[in-house]
Amino acid sequence: MTPALPPVQGGCLCGRVRYEARPDHREAYYCHCRMCQLAFGNTRAAYLNLRKDEVRWTGAEQPRFYQSSKFAQRGFCGHCGTPLTFEFLDSQRMDLSIGSLNDPAAFTPASHFAIESRIAPWHAEDGLPGERLDGFDGIMNRWREAYGPEAEAGLAAVQAQPHPER
């Protein structure tokens with residue numbers, strides 16, 4: 001039996017939203033989808049994927065959430081704006097932003113996701129495998145169910161329809 005890894009801590013820039021996480025691995029990934037680019041104000045987002053029950057919010061405040069599509073939400077600090085999470089509403093898993101960890105170097109990037117949206121001048125080849133968003137049936141099914149069978153997954157589908165928080 002492999003011994004449990006020690007918990008990791010993290011939180012936002014201002015310190016109001018804090019968490020402790022107990023993932024059973026130390027691998028992370030880069031997401032290059034256009035929605036993550038906009039949510040982070042960057043060319044990509046770096047995430048750790050884990051079960052929601054492996055995260056405990058410990059700070060004075062809980063994260064606030066923005067429903068970025070009909071089936072997903074993003075957590076952030078309501079005071080300083082730090083991006084903290086991404087999660088599908090119907091999933092038992094979530095992503096924590098690597099940059100919000102106290103020790104981001106404790107995690108190693110293992111792959112790139114949504115490489116069809118990667119911004120070439122800002123990508124340095126690192127030998128990690130890359131996967132297209134449309135290669136994941138579960139994600140594509142969520143998009144089709146939410147936005148129709150002809151909708152392309154991504155920002156255009158979301159912006160084309162009324163959204164309750166806009």
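Colleague: What makes the pairing of the side chains of His32 and His112 a polar contact?

Modeller: The side chains of His32 and His112 are joined at 2.8 Å, and a polar contact is a pair of N or O atoms within 3.5 Å, where, within protein, one must be able to donate a hydrogen and the other to accept it, and residues adjacent in sequence count only if both atoms are side-chain atoms; the pair therefore qualifies. This is a predicted model, in which local features need pLDDT of at least 70 and side-chain atom pairs count only at pLDDT 80 or more, while totals for chains, interfaces and linings use all residues. Residues are numbered from 1 along each chain as its sequence is written, and side-chain values use heavy atoms, with hydrogens and water left out.

Colleague: Why is His32 called buried?

Modeller: His32, in the loop between β3 (27–31) and α1 (34–40), has a relative accessible area of 1%, and buried means under 20% (exposed is over 50%, partly exposed in between, with a 1.4 Å probe and protein chains only), so His32 is buried. Helices (H or I, at least four residues) and strands (E, at least two) are DSSP runs, numbered from the N terminus. Leaving aside neighbours within four places in sequence, His32 is in contact (heavy atoms within 4.5 Å) with residues including Thr43, Phe113 and Arg118.

Colleague: How do you know that β3 pairs with β10 and with β4?

Modeller: Two strands pair if DSSP finds at least two bridges between them; β3 has 5 bridges to β10 (residues 108–113), running parallel, and 3 to β4 (residues 45–51), running antiparallel, so both pairings meet the criterion. Glu27 stands opposite Thr108 in β10, whereas the bridge partner of Tyr30 in β4 is Ala46. Because 4 of the 5 residues of β3 are buried, this strand is largely enclosed by the rest of the structure.

Colleague: Why is Ser100 called buried, and which side chain does the side chain of Ser100 meet in a polar contact?

Modeller: Ser100, which is found in the loop between β9 (93–97) and β10, has a relative accessible area of 4%, so it falls within the buried class. Its side chain makes a polar contact of 2.7 Å with the side chain of Tyr19, and a polar atom of that Ser100 side chain lies 2.8 Å from the backbone oxygen of Ser97.
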